[in-house]
Amino acid sequence: MRKLKVLIGGADSVFCQAKKALLEYWGFDVIAASDGKQACAALLAHHVDLCILDWDLPRMTGLAACRWIRSVNLKAQPYIVLLMEKNHADQIKAAYLAGAND
């Protein structure tokens, strides 16, 4: 059985390193990207089942990366979780409009 592949965008923070370690412990195949551009390049190079993107990614925000993912012709579209620090209704609305699933 194939392991589910998870892309984590924002892997330079301690929080992201902890997420990566937990996901690997639970048996997921994890790809870490330190910025939005690296996350997009990883999506082109690998089949990814789940993307966990920070809102404030360097070089390309998580929101812009989410829009890019939904606009590109990938073999299969991943489930996208966009993480934000504050619970602002306008950010949540923007995330869903950009194509985030959660």
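1. Two residues count as in contact when they have heavy atoms within 4.5 Å of each other. With that in mind, look at how the chain meets itself: among contacts with a separation of 6 or more, 59% are between residues 24 or more positions apart. Please remember while you explore that this is a predicted model.

2. How much can you trust the prediction? The mean pLDDT of the protein chain is 90, and 98% of the residues reach 70 or more. Among the elements, helix 3 has the highest mean pLDDT, 95, while helix 1 (residues 14-25) has the lowest, 85.

3. Now the overall layout. The protein chain has 4 helices and 4 strands, and along the sequence they follow the pattern β-α-β-α-β-α-β-α. The radius of gyration is 13 Å, close to the 13 Å that the globule rule gives for 102 residues, so the chain is as compact as a globular protein of that length. Along its principal axes, the C-alpha trace spans about 40 × 30 × 20 Å.

4. Which way does strand 3 run relative to strand 1 (residues 5-9), parallel or antiparallel? The two pair in the parallel sense, over 4 bridges, and Gly 9 stands opposite Leu 53 of strand 3. Strand 3 is also joined to strand 4 by 5 bridges, again running parallel; here Ile 52 has Val 81 of strand 4 as its bridge partner. To get from strand 3 to strand 4, the chain passes through helix 3, making a right-handed β-α-β crossover.

5. Next, the inside. Buried residues make up 43% of the 102 in the protein chain, and strand 3 is mostly covered, with 4 of its 5 residues buried. Nonpolar side chains tend to be buried together in soluble globular proteins.

6. The largest nonpolar core holds 24 residues, and those touching the most other members are Leu 7, Cys 51, Leu 53, Ile 69, Ile 80 and Leu 82. Elements giving two or more residues to this core include strand 2 (29-33), helix 2 (36-45) and helix 4 (89-98). There is also a second, separate core of 7 residues, which includes Ile 8, Cys 16, Val 30 and Val 81.

7. Leaving aside its neighbours within four places in sequence, Leu 7 is in contact with residues including Ile 31, Ala 39, Leu 43, Val 48 and Cys 51.

Conventions: Residues numbered from 1 in each chain as written. Predicted model: local features only at pLDDT ≥ 70, side-chain atom pairs only at ≥ 80, totals over all residues. Heavy atoms only, no water. Core = buried A, V, L, I, M, F, W, Y, C linked by side-chain atoms within 4.5 Å. Buried < 20%, exposed > 50% of the residue type's maximum accessible area, 1.4 Å probe, protein only. Pairing = 2+ DSSP bridges. Right-handed = clockwise from strand over helix to strand, strands pointing away. pLDDT = per-residue confidence, 0-100. Rg over C-alpha atoms; globule rule 2.2 N^0.38 Å.
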